[in-house]
Amino acid sequence: MGMRLFLRKERKKIFRLNRRVQEFLAEGFVGGRCECFVKGKHENVNIYDINSAYPYAMTFAFPAGGCYVTTEFTEKKIGFWRVKFRGDCDYFFDVKTRMYTNEGEGILTTEEIVFAKENNFQIEVLQGVVFTDMKYYFRDFIFRMYQLRQEVQDTRIKKLIKLCINSLSMKFAQKEVIYHVKKANLQNLANCVQIADNLVLVKGYKRNMYSNIAISALVTARTRLQLYRAMQRVNTIYCDTDSIHTQHDVVGEIKIGNELGEWKVVGTGLTITYRGKKVYYIHDHDELKAAGVKVIEKKRIDRLQVFRCERLGSLEEMLSQRRVIKHEYNFIV
């Protein structure tokens, strides 16, 4: 729906990247950064996140067609660069180890390389794809939709607008391998997983007409840079895409406000137990935050709170074993 709303005005102006450029960018394309820096129980934790982080990143310029390959770095144009990097912080993604590290080889945007040099990284450019033209495709659309979200009173419409503008940027990197739920007999179909007595999950293919990883990669890179700049000013216990958890006072360090791209206060003075990425327990609210996890039982044993949790296995696991895979584990605080 977000794509349809946007394309009412911009249908003829979004270009599709050729396959070779897509493959080059896809090798280094990563999403938001999530890290648990200090595990365990922490008190007086403040949580802040960015107002519509991905939509805000879309208000800047994007490639508008035409590109060339070069080894000479330029700050004046939008580009993606295969580089060898070395520095003091694990800011960048290494395409060989598939991890964030302070030394390795990655595909960085022009903005990331500028940021790296500001932080005294050593950068060796191996190859780059530079776009000759740029355009502010999304600025007017994002500002208009964000303003509408602020003005509308119906909470359901607010949520719908939020979903549309938050998901738009990743639509350009949508995978062309898709999965359908169908009523069928498992024995009559290949590449499928039985999920109920008469339902199967079937692997298929659908062409993404607006495939342009450059757009999605720029959005995620810009959001990570905004996160890093805040983390440089504030001692961070935990971060996740567009949020930071800290025990420090951020007044004067990051800009707090209600405007697009500003930081907002989510919670203050909280007691939180961290177990790892996307898994933590907020004691004040008796709330377990765990992505993709379903709590199937909660009980108290002496002074311990025990959550019995269930998580679905990956699609690769289910397709290879041709059945639904469920993993169970306990979260104890």
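## Lys289 and Glu287

Lys289 is partly exposed, at a relative accessible area of 32%. Here buried denotes under 20% relative accessible area, exposed over 50%, and partly exposed the range in between, with a 1.4 Å probe and protein chains only. Glu287 is also partly exposed, with a relative accessible area of 28%. The two side chains, Lys289 and Glu287, meet in a salt bridge at 3.1 Å from N to O; a salt bridge requires a side-chain nitrogen of Lys or Arg within 4 Å of a carboxyl oxygen of Asp or Glu.

The structure is a predicted model, in which local features need pLDDT of at least 70 and side-chain atom pairs count only at pLDDT 80 or more, while totals for chains, interfaces and linings use all residues. Residues are numbered from 1 along each chain as its sequence is written, and side-chain values use heavy atoms, with hydrogens and water left out.

## Other salt bridges

A search of the whole structure finds 15 salt bridges. Glu35 takes part in a salt bridge with Arg33, where the closest N and O atoms are 3.0 Å apart. Both Glu35 and Arg33 are buried, and the relative accessible area of Glu35 is 15%.

Glu35 also meets the side chain of Lys277 in a salt bridge, at 3.8 Å from N to O. Because Lys277 lies in the loop between β16 and β17 (279-282) and Glu35 in strand β1 (residues 34-36), this pair ties together parts that are 242 residues apart in sequence. Helices (H or I, at least four residues) and strands (E, at least two) are DSSP runs, numbered from the N terminus. Elsewhere, a network of salt bridges links Glu27, Arg82, Lys96 and Glu105.

## Strand pairing

Strand β2 (residues 40-50) runs antiparallel to strand β16 (residues 263-276), and 8 bridges join them; two strands pair if DSSP finds at least two bridges between them. Within this pairing, Val45 has Leu270 of β16 as its bridge partner. Strand β2 is also joined to strand β15 (residues 243-246) by 4 bridges, again in an antiparallel arrangement. The partner of Ile47 in β15 is His245.

Strand β8 (residues 103-109) has 6 of its 7 residues buried, so this strand is largely enclosed by the rest of the structure. Strand β5 (residues 79-86) runs antiparallel to β8, with 7 bridges between them. Trp81 is paired with Leu108 of β8.

## Residues in loops

Thr236 occupies the loop between α7 (213-233) and β14 (238-240). This threonine is buried, at a relative accessible area of 10%. The side chain of Thr236 comes to 3.0 Å from the backbone oxygen of Val234. Beyond residues up to four places away in sequence, Thr236 touches Phe37, Met231, Ile244 and His245, where contact means heavy atoms within 4.5 Å.

Asn51 is located in the loop between β2 and α3 (53-57) and is buried, with a relative accessible area of 7%. When neighbours within four places in sequence are set aside, the contacts of Asn51 include Tyr146, Gly257, Trp263 and Lys264.

Met1 lies in the segment before α1 (2-10). At 61% relative accessibility, Met1 is classed as exposed. Met1, Ile157 and Leu160 make up a nonpolar surface patch with about 280 Å² of accessible area together. Patches consist of residues with over 30% relative accessible area and no salt bridge, like charges being joined within 9 Å and nonpolar side chains (Val, Leu, Ile, Met, Phe, Trp, Tyr) within 5 Å. Accessible areas come from the Shrake-Rupley method with a 1.4 Å probe, and for residues only the protein chains shown count as cover.

Apart from neighbours within four places in sequence, Met1 is in contact with Leu160 and Cys164. The C-alpha atoms of Met1 and Met231 are separated by 34 Å, the two residues being 230 residues apart along the chain.

## Lys294 in strand β19

Lys294 belongs to strand β19 (residues 293-301). Lys294 is exposed, with a relative accessible area of 53%. Lys294 and Glu310 are 16 residues apart along the chain, and their C-alpha atoms are separated by 5.2 Å.

Terms used
A polar contact is a pair of N or O atoms within 3.5 Å; within protein, one must be able to donate a hydrogen and the other to accept it, and residues adjacent in sequence count only if both atoms are side-chain atoms.
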